[in-house]
Every structure is written in structure tokens, then in C-alpha cells.
Amino acid sequence: MKTFLKMSYAGSFTSLGVATCCVLPIALMLAGLGGSWLAVFGKIAAASYFVLVASSVLLVLAWGVAVHRGSVARLKTHLLLSAIVTALAWAIVLNETAINDHLINLM
């Protein structure tokens, strides 16, 4: 079960990293860092939905294994944290345009 938890965490935090790949650079530019390195994130942004779907599948798999083995009560905190991080990543990706517009208006 620890393997599924680790995969769930890895998938969740990877999805959060991919989700912030377009918002974070603009926020860093707003903080005063240069923007010439932004071109690196274009390839990552193209794969963001694939990574998010894969992390969601890993999360559902971890929940399924926990339910099947009867260890949901013991692992509920870890599974909920992973679900929250994945949901946050989905929220960022689905609202990316609005977040970027807001950050650009702050410039």
C-alpha cells in the first residue's frame, strides 16, 4: 500500500508542478526575475492535461486499493491530502487564463 501512496503523492505533486508551469513564471516575472527562460515551459504546458489525467488515475487507483484492502481509515489523511493537491492542480489548469490575466494586470 505504501507504493500506491507514494505513487499518489508523486502524481499529485507532479500535476501541481505541471499546472503551475504557466502561472508560476508570470508570478516570478512580477517579482522581478527575467523572462527569457519562459520558453522552456512551453513543452511542459503541452503535456499538462496528460500528466493531470495520469495523476488522477493514480489517485483513484490508490483509493481503490485502500478500499479493497480495508485500510481507508488508516490512510485517509494521506489520501485526502493527495486528492486536495490534485484538485488544486486541476483548478489551476482550468482557470489558467484568468489567473494569468490577473497577474498580467498586476504588472
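The place of S82 is in helix α5, where helices (H or I, at least four residues) and strands (E, at least two) are DSSP runs numbered from the N terminus. At 1% relative accessibility S82 counts as buried, a term that means under 20% relative accessible area, with exposed meaning over 50% and partly exposed in between, for a 1.4 Å probe and protein chains only. The model is a predicted one, in which local features need pLDDT of at least 70 and side-chain atom pairs count only at pLDDT 80 or more, while totals for chains, interfaces and linings use all residues. Residues are numbered from 1 along each chain as its sequence is written, and side-chain values use heavy atoms, with hydrogens and water left out.

**The chain as a whole**

- The secondary structure of the protein chain comes to six helices and zero strands, and the elements run α-α-α-α-α-α from the N terminus on.
- Of the 107 residues of the protein chain, 31% count as buried, and the accessible surface comes to about 6,400 Å², of which 73% belongs to carbon and sulfur atoms; such areas come from the Shrake-Rupley method with a 1.4 Å probe, and for residues only the protein chains shown count as cover.
- Among the contacts in the protein chain with a separation of 6 or more, 79% are accounted for by residues 24 or more positions apart, contact meaning heavy atoms within 4.5 Å.

**Helices α4 and α5**

- The axes of helix α4 (residues 48-69) and helix α5 (residues 72-94) come within 10 Å and cross at roughly 165°, where axes are lines fitted to C-alpha atoms, for helices over the stretch in contact, and angles run from 0 to 180 degrees between N-to-C directions.
- α4 and α5 are therefore roughly antiparallel to each other, given that angles over 145 degrees count as roughly antiparallel, under 35 as roughly parallel, 65 to 115 as roughly perpendicular and the rest as oblique.
- The crossing of α4 and α5 is left-handed, which is to say that the near helix is turned anticlockwise from the far one by less than a right angle, whereas clockwise would be right-handed.
- On the α4 side the contact is made by Y49, L52, V53, S55, S56, L59, A62, W63, A66 and V67, and on the α5 side by V72, L79, L80, S82, A83, T86, A89, W90, V93 and L94.
- By class, the contact of α4 with α5 has 16 nonpolar, four polar and no charged residues, with Ala, Val, Leu, Ile, Met, Phe, Trp, Tyr, Cys and Pro counted as nonpolar, Asp, Glu, Lys and Arg as charged, and the others, Gly among them, as polar.

- S82 touches S8, Y9, S12 and L59, when residues up to four places away in sequence are not counted.
- S56 lies in helix α4 and touches T86 and W90, again not counting residues up to four places away in sequence.
- S56 and G11 are 45 residues apart in sequence, yet 7.6 Å apart in space, C-alpha to C-alpha.

**Two residues of α1**

- L5 is found in helix α1 and, at 10% relative accessibility, counts as buried.
- Leaving aside neighbours within four places in sequence, L5 is in contact with L75, H78 and L79, and the C-alpha atoms of L5 and A62, 57 residues apart along the chain, are separated by 6.3 Å.
- A19 is found in helix α1 (residues 2-19) and counts as buried at 1% relative accessibility.
- A19 is in contact with A89, I92 and V93, leaving aside neighbours within four places in sequence, while A19 and L94, 75 residues apart in sequence, are 9.0 Å apart in space, C-alpha to C-alpha.

**Helices α2 and α6**

- Helix α2 (residues 23-30) and helix α6 (residues 96-106) pack at an angle of about 10°, with their axes 10 Å apart, and α2 and α6 are therefore roughly parallel to each other.
- The contact is made by V23, I26, A27 and L30 of α2 together with E96, I99, N100, L103, I104 and L106 of α6, and by class the contact of α2 with α6 has eight nonpolar, one polar and one charged residues.
- In α2, V23, P25 and I26 are buried, and α2 is followed by G32, whose phi is positive, near 110°.
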